[in-house]
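User: I would like to learn how to read the features of a structure that is new to me. Could we take them one at a time, with the general idea before the case?

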Amino acid sequence: IANCRDILKVRSIGEHKLFKKILSEKALANRNQIPIVVKTWVMMISNVNDVSFESKVFNQTMRDADITASQEAEIAKVYDKYLSVINMLENAGNKFAAKKLSSEVNMISLVPFFYESVRLDIADNLMYDFVSEFFCEKSFSESYKEACMSGSAKASQIKKRNDLLTEAWNK
């Protein structure tokens with residue numbers, strides 16, 4: 001974190017109220033939101049097939065991160081929509097999906113879809129429908145679950161999660 005060129009902007013983005021919702025007090029104190037912000041940015045600007053969050057790659061990405069003002073605004077919109085959907089899930093009593101959305105791996109995996117929904121002005125209730133269906137307790141994908149386990153930072157696992165989410169997104 002200390003090597004991050006854009007640390008002040010990344011810390012500012014990390015103040016978003018979403019993080020108070022999904023991270024514990026201890027995680028916030030440890031500034032766990034900092035790498036999440038950079039991962040969000042990476043998932044928004046990169047071809048998902050080229051993304052890796054393994055330390056040997058991500059440490060350099062953290063160091064070189066240079067988030068523009070327009071990207072910062074778009075990240076805020078993604079986080080606003082993401083928080084809105086979590087709140088909708090909780091209000092509907094869908095604790096399983098709300099908990100899944102509070103996971104860093106799932107959040108980062110969903111960024112491209114929430115980003116697309118911001119760019120296309122897709123209503124929050126449609127995003128709610130998408131995540132409710134994908135993260136349905138009774139039919140939750142074993143393949144997706146496996147891709148979230150060990151090695152989840154590897155490019156192959158990121159791609160696998162994205163492929164499964166893309167398949168559901170296109171339905």
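User: Which residues is Ser 109 in contact with, leaving aside its neighbours within four places in sequence?

Analyst: Before the case, please note that this is a predicted model, in which local features need pLDDT of at least 70 and side-chain atom pairs count only at pLDDT 80 or more, while totals for chains, interfaces and linings use all residues. Residues are numbered from 1 along each chain as its sequence is written, and side-chain values use heavy atoms, with hydrogens and water left out. Contact means heavy atoms within 4.5 Å, and by that rule Ser 109 is in contact with Tyr 144, Arg 161 and Leu 165, once its neighbours within four places in sequence are set aside.

User: Where is Ser 109 placed, and is Ser 109 buried or exposed?

Analyst: Helices (H or I, at least four residues) and strands (E, at least two) are DSSP runs, numbered from the N terminus, and the place of Ser 109 is in helix H8. For accessibility, buried means under 20% relative accessible area, exposed means over 50%, and partly exposed is in between, with a 1.4 Å probe and protein chains only. Ser 109 has 5% relative accessibility and therefore counts as buried.

User: How should I read two helix axes that cross, and at what angle do H4 and H6 cross?

Analyst: Axes are lines fitted to C-alpha atoms, for helices over the stretch in contact, and angles run from 0 to 180 degrees between N-to-C directions. Here the axes of H4 and helix H6 (residues 69–91) come within 11 Å and cross at roughly 105°. Angles under 35 degrees count as roughly parallel, over 145 as roughly antiparallel, 65 to 115 as roughly perpendicular and the rest as oblique, so H4 and H6 are roughly perpendicular to each other. On the H4 side the contact is made by Ile 36, Val 37, Thr 40, Trp 41, Met 44 and Ile 45, and on the H6 side by Gln 71, Glu 74, Ile 75, Val 78 and Tyr 79.

User: How many residues of each class does the contact of H4 with H6 have?

Analyst: Ala, Val, Leu, Ile, Met, Phe, Trp, Tyr, Cys and Pro count as nonpolar, Asp, Glu, Lys and Arg as charged, and the others, Gly among them, as polar. By these classes, the contact of H4 with H6 has eight nonpolar, two polar and one charged residues.

User: What is in contact with Gln 71, leaving aside neighbours within four places in sequence?

Analyst: Gln 71, which lies in helix H6, is in contact with Trp 41, Met 44, Ile 45 and Asp 66, with neighbours within four places in sequence left aside. Gln 71 and Ile 45 are 26 residues apart along the chain, and their C-alpha atoms are separated by 8.8 Å. At 17% relative accessibility, Gln 71 counts as buried, and a polar atom of the side chain of Gln 71 lies 2.9 Å from the backbone nitrogen of Thr 68.

User: What should I look for in a nonpolar core, and which residues have the most contacts inside the largest one?

Analyst: In soluble globular proteins, nonpolar side chains tend to be buried together. A nonpolar core is a set of buried Ala, Val, Leu, Ile, Met, Phe, Trp, Tyr and Cys residues joined through side-chain atoms within 4.5 Å. The largest nonpolar core has 54 residues, and those with the most contacts inside it are Tyr 79, Leu 101, Leu 110, Val 131 and Phe 135. Not counting residues up to four places away in sequence, Leu 101 touches Tyr 82, Val 85, Ile 86, Leu 89, Met 107, Leu 110, Val 131 and Phe 135.

User: Where is Ser 52 placed, and what does its side chain reach?

Analyst: The place of Ser 52 is in the loop between H4 and helix H5 (55–64), and its side chain reaches the backbone nitrogen of Glu 54 at 3.2 Å. Ser 52 counts as buried at 12% relative accessibility, and, leaving aside neighbours within four places in sequence, Ser 52 is in contact with Val 57, Ala 153, Ala 155 and Ile 158.

Notes. Polar contact = N/O pair within 3.5 Å; in protein donor to acceptor, adjacent residues only side chain to side chain.
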